[in-house]
Amino acid sequence: MRYSRFFIPTLRDDPADAEVISHKLLLRAGFIRRVTSGVYDYLPIGLRVLRKIEAIVREEMNRAGAQELLMPMVQPCELWEKSERMEKYGPELLRFRDRHNHESCLGPTHEEVICDLVSRELRSYKQLPMNLYQIQAKFRDEIRPRFGLMRGREFVMKDAYSFHADDACLRREYQLMFDTYTTIFNRFGLTFRAVEADTGSIGGSDSHEFHVLAESGEDLIAHCSGCDYAANVEKAVSVRDVPASAADAEEASEISTPDVTSAEDVAAFLKVDTALLVKTLVYHLHGGENNGAIVAACVRGDDQLQEIKLAHAAAADSVELASEEEVRSVGGVSGFVGPQGLSCPVYVDESLRDASGLVAGANKADAHVTGLSMQCDVADAVYADVRETREGDACTRCSAAIELSRGIEIGQVFALGKRYTEPMEVMFQDQQGKRAVATMGCYGIGVSRLMAAVVEQCNDEAGIHWPVSLAPFQVALISMGQSETVLAASESIYHELSDAGIEVLWDERKERPGVKFKDAELMGLPMQIVVGDRSLERGVIEYGERGGERIEAEPAMVAAAVIASLQQAGSSH
């Protein structure tokens, strides 16, 4: 491709609304342009990368035995009502009515549609297992789209769905997809980690997320320094010592704490360790069997409550902090809530099960209770893991220290079981001739998010540094000047590389050399060839990897040398 004919509007400065490096560089290098909040155009150079990501994903999915199909983005809402997920998914599900007043939605995922399809075509166990996938645009009405392609409203996703006659078969396919994802992300040359994960709004029993490790990641993942345990903090479990008190034998008593509400301030006021405080929060439950109920949750004063864990413990879809009126309705006083005497279920973190000599709110304004024993004074407590794992906690498997890292989620696998197949009536005739409900798994990869994730890991002060397998062009051919000699030598190399299947962006523009070099570095093409009058006079042409030293070679040898370098660079991933 000749640069002068290529639509690639680069920018010299970082856009004001871009916060993370991938957003800045993809905009500056002309890969994407914003249409509206969370929605982007993929310009020609960006689409080339997207298609390469898709090709690798498609190749490995096909190798694993999955079959590609394409489902509609617009879905009838009655399918979501049948799966009992219409309200659970919440406002991210964008709904609308057509001219016939029929309610539809833009698909954020396709469990309902694929189950509807398979339920109408599946007859016998002999058709199972099957794994069907698509690569398609999705839409989720994010409340706060941000970070460019990392958290958009419209995005490209590979979603696969497998159907099985029994759970054993599902487990085998789950492992196969786990291994396939590992192969895919290794082919991209990424530093990533697979972690145990919460199933979220998708549901099911087991799930793993794949995270690219990057400081800009929105997810916090916990991983053991001594074994292979790793989990999203929404799911992670760890061991914490029971807080030691100097007043274990003391009976609970009330003490005045005027205008002191936060755990840190109460600890300072009473001159005690923050770990001895009981932080009590009151929540309103949404969804599930306890929809609308009010509950309280207790963690140590130096801990943070993990709301997703609380939702699971309380059999709810989600939780929301209660209003002051709701707090009063269960006997609490905002700012001074404690677990004693509340007229609602009280969930207490396991780390407090045997703790005593604690400090908690007295459910009275300007007052706290000291000498609190969880076993004696909060006898009806429900114990569960509801705190967020912290760095330095002990691993439940090997007791080594837990470490925390930031990650960008790029893929997730789910063992759904019969979460969708039962309500959607995906049934078949088993080997005994009886009607049975199929079991199911689903497996997603954020294709467009991968573009951003790769840039987050592969960049320097000059721009993007694409792996050879994903680069929009493998070679930047830069003509220094417009002399006939330079252009003729450049064109000869251009055709030789193109005929060999190498993708070349030939910069033959009437621009200063500095501009050409900056654009080549910004776009991140792996190899550069520089053709200039001075070097040609010496009978050589320069080439080299982006950001590396240049090598001189005779014009007739340059193409072969560059091809060999690209093959070596590609094989290293």
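Strand β4 (residues 74-76) pairs with strand β6 (residues 103-106) in the antiparallel sense over three bridges. Strands here are DSSP runs of E with at least two residues, helices are runs of H or I with at least four residues, and both are numbered from the N terminus. Two strands count as paired if DSSP finds at least two bridges between them. V74 has L106 in β6 as its bridge partner.

The model is predicted, so local features need pLDDT of at least 70 and side-chain atom pairs count only at pLDDT 80 or more, while totals for chains, interfaces and linings use all residues. Residues are numbered from 1 along each chain as its sequence is written, and side-chain values use heavy atoms, with hydrogens and water left out.

β6 also pairs with strand β5 (residues 95-97), again antiparallel and over three bridges. Here the bridge partner of R95 is C105 in β6. β5 and β6 form a hairpin with five residues between the strands, and N101 takes a positive phi near 65° in this hairpin.

Elsewhere, three strands form an open sheet in the order β13-β19-β18, with antiparallel pairing. β13 (253-256) and β18 are the edge strands, each pairing on one side only. From one strand to the next the twist averages 35°; axes are lines fitted to C-alpha atoms, for helices over the stretch in contact, and angles run from 0 to 180 degrees between N-to-C directions. β13 and strand β19 (residues 367-372) run antiparallel and are joined by four bridges. One of the residue pairs is E254 with V369 in β19.

The next topic is empty space. Rolling a probe the size of a water molecule over the atoms shows where such space is left. On a 1 Å grid over the protein atoms alone, a cavity is a set of points where a 1.4 Å probe fits but cannot get out, and a pocket is an open set with protein on both sides within 12 Å along at least five of seven lines; lining residues have an atom within 4 Å of a point. Grid points are joined across faces, edges and corners, and a volume is the space filled by probe spheres set on the points.

The structure holds two cavities of 30 Å³ or more.

| Space | Volume | Largest share of the lining |
|---|---|---|
| Largest cavity | about 50 Å³ | α13, four residues |
| Second largest cavity | about 30 Å³ | β21 (residues 402-417), three residues |
| Second largest pocket | about 300 Å³ | β14, five residues |

Residues lining the largest cavity include Y3, A476, L505 and M523. β27 (475-480), β28 (504-507) and α13 (513-523) each supply at least two residues of this lining. The lining divides into eight nonpolar, no polar and three charged residues. Ala, Val, Leu, Ile, Met, Phe, Trp, Tyr, Cys and Pro count as nonpolar, Asp, Glu, Lys and Arg as charged, and the others, Gly among them, as polar.

M150, E218, D219, G407, I408, E409 and R449 line the second largest cavity. By class they are two nonpolar, one polar and four charged.

The second largest pocket holds about 300 Å³ of space. Of its 21 lining residues, T280, L281, G335, F336 and V337 are the closest to its centre. α7 (263-270), β14 (278-286), α9 (324-329) and β18 (358-361) each supply at least two lining residues. Twelve of the lining residues are nonpolar, seven polar and two charged.
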